[in-house]
Amino acid sequence: MGDPIPLRFCPACGAPIERRFVYGRDRPVCPSCGYIHFVDPKVAAAAFVEQGGQVLLVRRAVSPEKGRWTLPAGFVEADEDPAATAARECLEETGLEIEVQDLMEIVPGREHPRGASIVLVYRARVVAGRLQPQDDVDQAGFFSPDEVPPLAFKATRRVITAWQSGSPGSLPDADR
C-alpha cells in the first residue's frame, strides 16, 4: 500500500523531501541533512476471549466497518507490550479485565490506509469486570459459533472462521 501519508518535508530539518532508491527501495530522503524515512508497520493487538463455548465480540460504532463486529482490539503504542495492548483495549471497549494467556495468531496485511499492517491476536480469559460497551463500540457480547454476526476485518474473520471449524490458532490456508 506504500506510504499511508506521503512525507513532504523532513522531520529533522524541514527541507523538502525527495524520493530516492536506497536500501533496496524507493524511500523519502532529505537532500539537505540526509535523513532517510522508513515507513514502519502499524501494529494492532486483539483479544480472543472464549467463555462457555462463546467468543467475545464488539460492534464498531465508528468507521471503518461501522456496524460490523470484531474482536476487542487497538493499536499498540510505541512503548507498550502488545499483550498489554490487548488487555487495555478489551477493558476500554468492554469493561472486562482479562488475563492474556498466549499468542494465538499473527495476521499480516493492511486493509485500509489507516489500518494495521500486522495484527497480533492473543488468547485471553476474563478475570473481572462487567460487560458493557464503551469507547468506540456500541455493543458487546458473547456469541456461539452459529450465532456470529457480520464481521469486520480480515484478522477477526480468520480467527473466528478457525474457531468455528474447531481449530483456533490453526487458520485455513485459503485465507493466508
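Predicted model: local features only at pLDDT ≥ 70, side-chain atom pairs only at ≥ 80, totals over all residues.
Residues are numbered from 1 along each chain as its sequence is written, and side-chain values use heavy atoms, with hydrogens and water left out.

Let us stay with strand 3 (residues 43–51). Helices (H or I, at least four residues) and strands (E, at least two) are DSSP runs, numbered from the N terminus, and two strands pair if DSSP finds at least two bridges between them. Strand 3 runs parallel to strand 8 (residues 118–129), joined by 7 bridges, with valine 43 opposite isoleucine 118. Its pairing with strand 6 (residues 73–75) is antiparallel and has 3 bridges. Strand 4 (residues 54–60) is also antiparallel to strand 3, over 2 bridges; here glutamate 50 has valine 55 as its bridge partner. The hairpin of strands 3 and 4 has 2 residues between the strands, and glycine 52 takes a positive phi near 60° there.

Next comes threonine 70, in strand 5 (residues 69–70). Threonine 70 is buried, at 7% relative accessible area; buried means under 20%, exposed over 50%, and partly exposed in between (1.4 Å probe, protein chains only). Leaving aside residues up to four places away in sequence, threonine 70 touches Leu57, Val58, Arg60, Ala152, Phe153 and Thr156, where contact means heavy atoms within 4.5 Å.

Thr156 leads us to helix 2 (residues 154–164), where the buried residues include Ala155, Thr156, Val159 and Trp163. Among the elements covering the buried residues of helix 2 are strand 3, strand 4, strand 5 and strand 8. After helix 2 comes glycine 166, with a positive phi near 85°.

Finally, look at the charged pairs. The whole structure holds 11 salt bridges, each a side-chain nitrogen of Lys or Arg within 4 Å of a carboxyl oxygen of Asp or Glu. One of them joins aspartate 138 to arginine 59, with the closest N and O atoms 2.9 Å apart. This pair links distant parts of the chain, strand 9 and strand 4, 79 residues apart. Arginine 88 forms another with glutamate 92, at 3.3 Å between the closest N and O atoms. Both lie in helix 1 (residues 82–94), 4 residues apart, about one turn of the helix. Glu80, Arg88, Glu89 and Glu92 are linked in a network of salt bridges.
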